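Let's walk through this one together, with the model open beside the text.

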Amino acid sequence: MLHGLMRKFSGKQSPKETAKKRLQFALVYDKLEINDTTLTSLQNDIVEVISKYFEIDTKALQLEVQRDQDLSALVFNTPILCVKKNRGFKPQESKK
Amino acid sequence: MEGKIIVVTSGKGGVGKTTATASIGAALALEGNRVAVIDMDIGLRNLDVVLGLENRIVFNIVDVVNKRCNLAQALIRDRRIENLFLVPASQSDNKDVLTAIGVQRVAKMLKSEFDYILMDSPAGIEKGFENSVVAADEAIVICTPDVSSIRDADRVIGLLYSRSITPKLIVNRIVPEMVARGDMLSHEDVIDVLSIDLLGLVPMDNQVVVSTNTGMPLVMHNQSLAGQAFRRIAKRLNGEVDIPIKVPTARTGVWDKISQKLGLNR
């Protein structure tokens with residue numbers, strides 16, 4: 001009980017939660033034969049693309065793995081703060 | 001009617017394949033089935049000692065497959081449990097002495113004589129694994145609630161799927177007190193990660209060591225929690241599908257109950 005109480009207040013993950021997260025990602029790395037660096041740069045690229053159109057909270061972004069019988073999906077979850085007015089279109093000079 | 005061949009496998013070694021094979025085999029025989037348990041771990045046999053039949057080996061599975069003896073000569077009858085038979089592995093040969101075709105030929109003979117044939121697969125995913133799986137109708141994957149065992153189980157499940165076998169999972173060595181504290185993955189977590197059907201849950205039980213030491217099948221100890229779990233698994237395999245899967249529970253004290261109410265365990 002004390003453990004649980006301390007964890008609750010410190011906001012730390014329990015070993016079980018850590019294990020589950022690590023496992024889910026390990027299985028994705030194994031299957032796709034990619035590593036964490038690739039996944040992180042993919043995440044960065046996605047953030048970049050989304051931020052062209054929406055104002056997002058990059059800190060609250062979550063990367064999760066969802067698994068089904070025969071496929072696993074990477075799920076990026078992000079709260080959208082607001083839509084950008086110019087929708088990422090930069091003012092361009094008209095071509096002559 | 002033809003018998004059913006069930007392979008017991010795990011990928012990782014030391015998670016309880018042999019104990020599970022011996023226990024489920026013995027329990028199925030106690031239910032009145034004719035059962036053969038086959039040790040496919042060529043060169044590292046152990047099913048014989050777990051069942052306490054190591055001093056009666058004359059011929060082995062390699063002899064049968066390579067036609068050095070007939071099947072009946074290699075079958076060791078258990079004297080305590082009626083209708084339980086063992087075909088041991090050979091201890092001297094290497095894993096390459098068996099061929100898939102040879103195993104399939106023997107499997108056919110076994111199917112005509114027994115209701116259930118349990119194949120105790122070796123650890124790993126090489127030739128020995130292939131030979132254990134080649135004639136299987138069904139598969140049981142064993143894992144413990146730890147990261148390395150689950151990762152290897154996932155690999156093996158994938159290999160079984162590619163052979164059109166849909167395996168079922170046994171989670172072994174669950175320590176309910178640790179699960180309650182959030183220190184160990186729960187069986188729900190394991191199923192969530194592996195997305196596979198559950199066959200049964202087996203708690204950590206010191207009696208397993210005692211049973212292996214004495215060579216007395218675990219399911220014959222009435223007090224053993226793991227033994228009881230394996231007996232329920234055998235019943236479920238044997239068609240009593242409505243037997244509920246029992247989740248191992250901790251001996252709960254007052255504090256555990258309060259902290260559970262407060263949701264401090266998750």
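A residue counts as buried if 20 or more other C-beta atoms lie within 10 Å of its own, as exposed if 12 or fewer do, and as partly exposed in between, with C-beta atoms placed from the backbone. Phe85(B) has 24 other C-beta atoms within 10 Å, so Phe85(B) is buried.

Before going on, a word on what you're looking at: this is a predicted model, in which local features need pLDDT of at least 70, side-chain atom pairs count only at pLDDT 80 or more, and totals for chains, interfaces and linings use all residues. Residues are numbered from 1 along each chain as its sequence is written, while chains are lettered from A and ligands numbered from 1 in the order in which they are written.

Back to Phe85(B), which sits in strand β4 (residues 84–87) of chain B. Helices (H or I, at least four residues) and strands (E, at least two) are DSSP runs, numbered from the N terminus. What is Phe85(B) in contact with, leaving aside its neighbours within four places in sequence? Two residues are in contact if their C-beta atoms, placed from the backbone, lie within 7 Å. By that rule the partners are Val35(B), Ala36(B), Leu75(B), Ile76(B), Arg77(B) and Asp78(B).

Now zoom out to the sheet. Chain B has an open sheet of 8 strands with mixed pairing, in the order β3-β4-β2-β5-β1-β6-β7-β8. Two strands pair if DSSP finds at least two bridges between them. At the edges are β3 (76–77) and β8 (197–203) of chain B, each pairing on one side only.

Have a look at β1 (residues 4–9) of chain B, which runs parallel to β6 (residues 138–143) of chain B and is joined to it by 4 bridges. It also runs parallel to β5 (residues 116–120) of chain B, with 5 bridges between them. Val7(B) has Ala139(B) as its bridge partner in β6(B), and stands opposite Met119(B) in β5(B). Ile6(B), meanwhile, stands opposite Glu138(B) in β6(B). Why is β1(B) largely enclosed by the rest of the structure? Because 5 of the 6 residues of β1(B) are buried.

Next come the helices of chain B. Helix α11 (residues 225–237) of chain B lies across β7 (168–174) and β8 of chain B, at about 160° to β8(B). Axes are lines fitted to C-alpha atoms, for helices over the stretch in contact, and angles run from 0 to 180 degrees between N-to-C directions. α11(B) also packs with helix α1 (residues 17–30) of chain B, at an angle of about 60° and with the axes 8 Å apart. The two helices are therefore oblique to each other (angles under 35 degrees count as roughly parallel, over 145 as roughly antiparallel, 65 to 115 as roughly perpendicular and the rest as oblique). Residues that meet here include Ala20(B), Ser23(B) and Ile24(B) from α1(B), and Gly227(B), Phe230(B) and Arg231(B) from α11(B).

Finally, chain A. It has 3 helices and 4 strands, running α-α-α-β-β-β-β from the N terminus on. Buried residues make up 6% of its 96 residues.

How far to trust all this? pLDDT is the predictor's confidence in each residue, from 0 to 100. Its mean is 93 for chain B and 78 for chain A. Among the elements of chain A, helix α1 (residues 2–10) has the lowest mean, 64. Where pLDDT is low, the predicted coordinates should not be read in detail.
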